[in-house]
Amino acid sequence: MFNAEEVSMLSAFNTFSRKAVVQDILSHLPYMENDELKSMASEILRKLDRMSDDEFFSYDFMPQEGEDE
């Protein structure tokens with residue numbers, strides 16, 4: 001459901017739970033100055049709204065080996 005860029009963006013937020021990441025993104029959204037980032041964050045929020053907690057926890061949001069942290 002999430003593409004690689006969205007998973008990368010999500011790793012910067014509190015992914016303890018689906019509810020926590022939604023709240024964290026919403027709290028940061030007003031401060032995002034880049035329209036592309038705002039658009040991606042909005043799309044992520046739509047996807048999170050449509051998915052179950054079980055689907056959310058099937059993702060690994062930790063940076064992969066070799067990626068910048």
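The paragraphs below lead through this predicted model, from its overall fold to its helices, its core and its aromatic rings.

Because the model is predicted, local features need a pLDDT of at least 70 and side-chain atom pairs count only at pLDDT 80 or more, while totals for chains, interfaces and linings use all residues. Residues are numbered from 1 along each chain as its sequence is written, and side-chain values use heavy atoms, with hydrogens and water left out.

The chain holds 4 helices and 0 strands, where helices (H or I, at least four residues) and strands (E, at least two) are DSSP runs numbered from the N terminus. Read along the sequence, this gives the pattern α-α-α-α. Of the 69 residues of the chain, 32% count as buried; buried means under 20% relative accessible area, exposed means over 50%, and partly exposed lies in between, with a 1.4 Å probe and protein chains only. Among the contacts with a separation of 6 or more, 58% are made by residues 24 or more positions apart, a contact being heavy atoms within 4.5 Å.

H3 comprises the 16 residues 35-50, which at 1.5 Å a residue should span 22 Å, and its end C-alpha atoms are 23 Å apart, which agrees; the expected span is 1.5 Å times one less than the number of residues. The buried residues of H3 are Met40, Ala41, Ile44, Leu45, Lys47 and Leu48. Seen down the axis of H3, these buried residues fall within an arc of 165°, so they line one face of the helix, the arc being that of the directions from the helix axis to the C-beta atoms. The face turned away from this buried side carries the exposed residues Asp35, Asp49 and Arg50. On the buried side, the residues of H3 pack against helix H1 (4-10), helix H2 (18-28) and helix H4 (53-56).

Helix H2 can be read in a similar way. Its buried residues are Ala20, Val21, Asp24 and Ile25, and they cover an arc of only 130° around the axis, which puts them on the same side of H2. These buried residues pack against H1, H3 and H4.

Lys47, which lies in helix H3, counts as buried at 12% relative accessibility. Leaving aside neighbours within four places in sequence, Lys47 is in contact with Met1, Phe2, Asn3 and Glu6. The side chains of Lys47 and Glu6 are joined by a polar contact of 2.8 Å, where a polar contact is a pair of N or O atoms within 3.5 Å; within protein, one must be able to donate a hydrogen and the other to accept it, and residues adjacent in sequence count only if both atoms are side-chain atoms. The C-alpha atoms of Lys47 and Phe2 are separated by 7.9 Å, although the two residues are 45 residues apart along the chain.

The largest nonpolar core has 17 residues, of which Phe2, Met9, Leu10, Val21, Ile25, Ile44 and Leu48 touch the most other members; such a core is a set of buried Ala, Val, Leu, Ile, Met, Phe, Trp, Tyr and Cys residues joined through side-chain atoms within 4.5 Å. H1, H2 and H3 each supply at least two residues of this core, and the largest share, 5 residues, comes from H3. Ile44 touches Phe2, Glu6, Met9, Leu10 and Ile25, not counting residues up to four places away in sequence.

The aromatic rings complete the picture. A search of the whole structure finds 5 aromatic pairs; rings of Phe, Tyr and Trp (its six-membered ring) pair if their centres lie within 6.5 Å, and planes under 30 degrees apart count as stacked, over 60 as edge-to-face and the rest as tilted. Phe2 and Phe61 form an edge-to-face pair, 6.4 Å centre to centre with 65° between the planes. This pair links distant parts of the chain, since Phe2 sits in the segment before H1 and Phe61 in the segment after H4, 59 residues apart. Phe2 is buried, with a relative accessible area of 10%, and Phe61 is buried, with 7%. Phe56 and Phe61 form a tilted pair, 5.2 Å centre to centre with 35° between the planes. Phe2, Phe56, Phe57, Tyr59 and Phe61 form one aromatic cluster.
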